[in-house]
Amino acid sequence: MSGGPLAAVLVSLVAAVAIFVFRNHPNLREAVTLAAAVIKFAIVFSLLPTVLDGGVVESQPLELVPGWALHLRADAFGMVFALLASSLWILTSVYSIGYMRSGGYTHQTGYYASFAICVSSAIGIAFAANLATFFIFYEILTIATYPLVIHRRNEEAIAGGRKYLAYTLIAGQALLVAVVWSASLAPGATFQPGGFLSGSASSGTLQALFVLFIIGIGAKAAIMPLHGWLPAAMVAPTPVSALLHAVAVVKAGVFGCVRIVGFVFGVDLIRELGLANILAFAAGTTILIASIRALGEDHLKRRLAYSTVSQLSYIVLGAALGSLHALVGAIFHIAAHGFMKITLFFCAGSIYTKTHKEYIADLRGLGREMPVTFGAFTLGALGLAGMPLFAGFISKWNLGLGALEADHTIYVGVLVLSGLLNFAYFFPIVYTGFFGKSDAPFRFKEASVLLWLPLAVTAVISILLGIFPDIGLHFYELAWQAAESLVAPAPLMLAGGGE
Amino acid sequence: MEAETLSVVNYWLAASLFLIGLYGILARPHLVRKLMAMNILQVAVIVFFIILGYKSDATPPIVRQGDETPIARNYINPLPHTLMLTAIVVSVSTTGVALALLIRIHRRFGTLDESELIEKLK
Amino acid sequence: MQQLLQRIAWLPFVAAAAILFYAARDLPTMADPNAPASTHVSPRYIESALEETGASNMVTAVLADYRAYDTLGETVVILTAGLACLLVLGAFTPARSGPTEKEAMPYEFGSDIVDATSRLLIPFIILFALYVVVHGHTSPGGGFQGGAICAAAIILVRLVRGRAPGLKLLPTYTVAIGSIGVLVYTGTGLVSLFFEKNFLDYSGLPLPFHGGHLREMGSLSVETGVFITVTAVMVLIFDVLTMGSEE
Amino acid sequence: MEHTPILIVLVPLTSALLIPFLAMGGGRFARAGLLFATAGSLLSSILALRASLEGEVLSYHVGGWPPPWGIEIVIDPLSGVMATLVSFLAVLAAFYSGPYLSGWTARRTGTFCSLFALLVTGLQGIVVTGDLFNLYVFLEISSISAYALLSSGGSKSVVAVFRYLLIGTVAASFYLIGVGYLYAMTGTLNMADMAARLPETSDSPVIVVAVSFIVIGLAIKAALFPLHGWLPDTYTYAPGPVIGFVAAVMTKVSAYALYRILFYVFVAGTGPREPLLLLGWASVIAVVAGSLMALAQKDVQRMLAYSSIGQMGYIMLGIAIGTPLALTGALLHVVNHAVMKGCLFMVVNGVQWRLGVFRVRDFAGMGRRLPLTMAAFTVAALSMIGLPPTAGFFSKYYLALAALESGYIPFLAALILSSLLGAVYFFRVLEKVYLSPENVEKTRDTSELPLPMLAPILTLAVLVLLLGVFNQTVVTELIQPGLPS
């Protein structure tokens, strides 16, 4: 069983090779992608019972450099991300096949292979047991995403790719320094609930270290002001955007952020160093500013990009607040946001495939022609805005509770305000879609089934997650487990320190 | 005291030759002159080593007829001489190769002046 | 960039000057018989060379025996230089239409007096060269010196009479002869390797001598190799520098 | 078996002597001779390395004279690894040179192969020797053969090589003067003996001067900024089969010699610290300046040349910091950089040989023409940038960690900056390779490189990955036994 995490990582790497081998047989190639996705999900899912019982599944560490082992370990927190990435990979693969075929894209082999490598590294990041492993997969992810960003090979794509590389590679170097530094402070640098750096160096050093980490992680997590690449990368095909936002890249960033805060430093240490407030402030500001920027964007995918910037800062905010409920909310939001945002991107993609329309103003009346797509979009948007009964509500509710727990009432206000802004920038899309006046005669013309089925599924899941947050994949329970390992719940603390 | 002064003067002689060579290589524009400067530089090294091998009141390192038990004090140190024989050979070889290169350059570019060469290379 | 470099060229110069003149004071006094260079390592060469290597010329003893490996390297340097000149100038006389003698040797002095004198001198020069090689063990001399003198004789022939009459060797063959010289050297060393001694340990040579005498024979053998190489390569370099190129 | 140390040098030497005769039978025989020379050297190196890894230091007394009177050849794990590296790359380069030489006349091929074998002889001689003056002799063998080989790339290369010759000779003279000073103070030339005798005189300023001269001399040979002047032109115009080898190992061997002298002759603590610190700062400048200048180049080969200057800075930086961790990093980088730079130069020269192009913009669309070659290029380039899990990442990791632990934060900053610059100039090429449409005229033969060229390139690319993944084994089994105790 201990081979599980490793197998999960390797499946898609092998698939990448197979995809390359079958480059001249599109059907076979895509069958490989799908098969790999299903197998990977099965492997990850098979780890779930052990983790739910409070155990961990570890692979044999492979030492690369003294004190630097390649070490995989599936814990509750990692499982959240791994389950999310592997389940979404199946849906994204189905969607990609439909999208790429109907769009007539070239370089499809490179696309599927890179995609597989990206998912591999996302799982690697999820299961990384120490900073070294985390860093290695993080960098592989950086490189593997690049071919996807520049997939269209035109000027704009290349410029976007450059911008992407500039941000992520520079950040990668900052992360490298931080990783090396922490490895020299605490040999092994193995993630531990509650952190391992406490007391290993002066507070000044630790502060500098934290800043380096945040720069390193923040670029991928698109924390303002390091978010510049994300809107530029929207030139990529839509499934890639879905990957960037929901499955791997940005998610890996915020995932890393929680890892760093919770498992490297520990929430208490962050608070002692006085960094929690700064991080929370940055996250809060990002939430609001990005929402406002989203309001001003007329390009559909870019609006979604800013929405991501804003939404993912919820997670950072939760980590920064560091109270139990805040962490639960943050971790659950990783999954919740994944399903909701991918719905929106899938919708944007199928609209583009069908009509080649990218601007919101052009969407007039399309909702009547593509009811499934727009219906799903509406559901996703409501979820992101935090409507009760939707997945987004669960995370927001917990975040709000957490903010109160941590005595930062102001962030409750931020959350509410951001919810309103979410309505404000999503509502016009829905409205234009369903009620905008269109000159064209009305007829039902949904995109192909490969496109609308995945998005319908994700939309349904995001409702289900809102009503039964623990359904199927047990995201909610995992989130609780992970959060409780980071912060002992308050009553327990009282009981422990009772004398 | 006199011996020490003499010694320093000798070392300075070698050092001066070395510097003349270095200066020539760095500052002279003509490639043949650079080559000659390079030879001076090598001679400086040779002189330096030979100075190291010298002993007062000693003879060249060839055992005199009838000297059954040669004593180190009576003969100068043969090792630097041997080493410098090698250095001379190296110097000759390097010069030969350098001349070959110069001939090649002259055949192709018709000049051996560095600034003109740089012009022609552009 | 180039100008900037030339303008600051004096910087390393001044630095080197300062260092060199500064260090001179702290070096051991010249001619001091108690200096480290005169008291460590070298006394053995002086006191035991005759007994151990059979050479009364200690320089030869060190050159051809104690540090014979250095000398092997040195001989290889010469050969390398010859090959290098050959490759750089590409002086491979094509088999079909070689340059005529006049073209090949533009520096010929055609005077009868020079011719007659050189005819008289050259046998003696070559004889002297051989003497210098053979007597390198007891007096100043050795393979390098002898080789240089012998090469001078051949080059004199070339200068006076062109390449045609005497020792008309193409560079390809002079290179081969040079290689043979080094092969004689390494061969001598390899023979001792086969007799379970270290490379260049002449005491392993299968010759009817003992002790110093045996080693002396070994040194003589490698000196012969050096002589061959030096002669050949000197002639080769001269030829290559004065011949037209293949291109 | 006991003679393997000398065979490392003797096999290529003897082959070099026989190649002129082989060439009389045709160019093929000369090439076969070169292959034999390099393969034989590789085999003896591996045997010697294995013996030395079992814990004994092989000391071979040439001529049967014990050191310090005779010359000693020393095979410890350090020189064993280095000799293996040199001869391994030589074997690959010998294969690689095949298609180049097939158009040459037999005699020219013979001369070329002979010189190549002599270059290997010289480098191996430097690596295995335990004598300071012997090192000089072999330094000259390698230099002179390198001059000749590098100048066979056309008229521009001749001018560049002449400058290299002058500078190289100055460097050798600097080295020799330094050795002279040491000899004057200790009376010996044997490294181990000198190490034993130096502590008596270590406070003398002469030693400082000697170290400075030796460091400067070898730093010129290793092309450490600002003493790198000879390198860019020489590398840019050099002919293909040579440069892949020369760029990969020649500067490394000088760096190795420097390392050996600084850490084995001046045993830790007795050597003066000032020249080392100076070396450290020079390396920092080298790392940054090399990368910056690489950025400015339009010619790929010149870009790689400047990148080499920066990378040599890494190695020197490790030597200058001097902690075990830093030395591990430096030695590992010697191996890694040799492999990846060898690969890159072979790729670029292969492209030049096949298509006659060498500028960055001419690489447009190369990914489709030469997919395997360019895949190798990509792997090596990623390793140069230092992305895990390629080899380049790990040496950089050691260096970064060492800089951090010894408190040299500026050194760390330089490392980081240079990787970023590296990313910029390599992605500039990769972007052309994979993203731009092709623009070479259709008439040329644009198929993949022939097998003798492709095989070495792919071998090196695979090695880049292997060295990265099995880095731990390499370090503990090969590198760390080579650290000074």
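In chain C of this predicted model, residues 24 or more positions apart account for 74% of the contacts with a separation of 6 or more. In chain A, among contacts between residues at least 6 apart in sequence, 81% join residues at least 24 apart.

**Chain A**

- Chain A has 21 helices and 4 strands.
- The radius of gyration of chain A is 21 Å, close to the 23 Å that the globule rule gives for 499 residues, so chain A is as compact as a globular protein of that length.
- Taken along the principal axes, the box filled by the C-alpha atoms of chain A is roughly 75 × 50 × 40 Å.
- Buried residues come to 62% of the 499 residues of chain A.

**Chain C**

- Chain C contains 11 helices and 0 strands.
- Its pattern along the sequence is accordingly written α-α-α-α-α-α-α-α-α-α-α.
- Of the 247 residues in chain C, 49% are buried.

**Where chain D meets chain C**

- Chain D gives 51 residues to this contact, and chain C gives 45 residues.
- On the side of chain D that touches chain C, the elements giving two or more residues are helix 1 (4-23), strand 1 (58-62), helix 4 (106-128), helix 5 (132-150), helix 6 (155-186) and helix 8 (205-221) of chain D.
- Helix 5 of chain D provides the largest share of that side, 10 residues.
- Sorted by class, the side of chain D that touches chain C holds 29 nonpolar, 19 polar and 3 charged residues.

- Chain A does not touch chain B, and the nearest C-alpha atoms of the two chains are 33 Å apart.
- Chain A and chain C also have no contact, with their closest C-alpha atoms 30 Å apart.

**A helix pair in chain A**

- Helix 14 (residues 324-355) and helix 16 (residues 371-385) of chain A pack at an angle of about 150 degrees, and their axes are 8 Å apart.
- Angles over 145 degrees count as roughly antiparallel, and helix 14 of chain A and helix 16 of chain A are therefore roughly antiparallel to each other.
- The crossing of helix 14 of chain A past helix 16 of chain A is left-handed.
- Residues that make the contact include A:Met340, A:Leu344 and A:Ile351 of helix 14 of chain A, and A:Phe377, A:Gly380 and A:Leu384 of helix 16 of chain A.
- The residues of this contact between helix 14 and helix 16 of chain A are 9 nonpolar, 5 polar and no charged.

**A helix pair in chain B**

- In chain B, helix 2 (residues 31-53) and helix 3 (residues 78-109) pack at an angle of about 175 degrees, with axes 9 Å apart.
- Helix 2 of chain B and helix 3 of chain B are therefore roughly antiparallel to each other.
- Among the residues that meet are B:Leu35, B:Asn39 and B:Phe49 in helix 2 of chain B, and B:Met84, B:Ser91 and B:Leu102 in helix 3 of chain B.
- This contact of helix 2 with helix 3 of chain B has 16 nonpolar, 6 polar and no charged residues.

**Two single residues**

- A:Gly161 lies in helix 6 of chain A.
- A residue is buried if 20 or more other C-beta atoms lie within 10 Å of its own, and A:Gly161, with 27 C-beta neighbours inside 10 Å, counts as buried.
- Apart from neighbours within four places in sequence, A:Gly161 is in contact with A:Tyr146, A:Val149 and A:Ile150.
- A:Gly161 and A:Thr378 are 217 residues apart along the chain, and their C-alpha atoms are separated by 31 Å.
- C:Phe13 sits in helix 2 (residues 10-24) of chain C.
- C:Phe13 has 16 other C-beta atoms within 10 Å and is partly exposed.
- Leaving aside neighbours within four places in sequence, C:Phe13 is in contact with B:Leu19, B:Leu22, B:Tyr23 and B:Leu26.

Key
Residues numbered from 1 in each chain as written. Chains lettered and ligands numbered in written order. Predicted model: local features only at pLDDT ≥ 70, side-chain atom pairs only at ≥ 80, totals over all residues. Contact = placed C-beta atoms within 7 Å. Nonpolar A, V, L, I, M, F, W, Y, C, P; charged D, E, K, R; others polar. Buried ≥ 20, exposed ≤ 12 C-beta atoms within 10 Å, placed from the backbone. Axes fitted to C-alpha atoms, helices over the stretch in contact; angles between N-to-C directions. Parallel < 35°, antiparallel > 145°, perpendicular 65-115°, else oblique. Left-handed = near helix turned anticlockwise from the far one by under 90°. Rg over C-alpha atoms; globule rule 2.2 N^0.38 Å.
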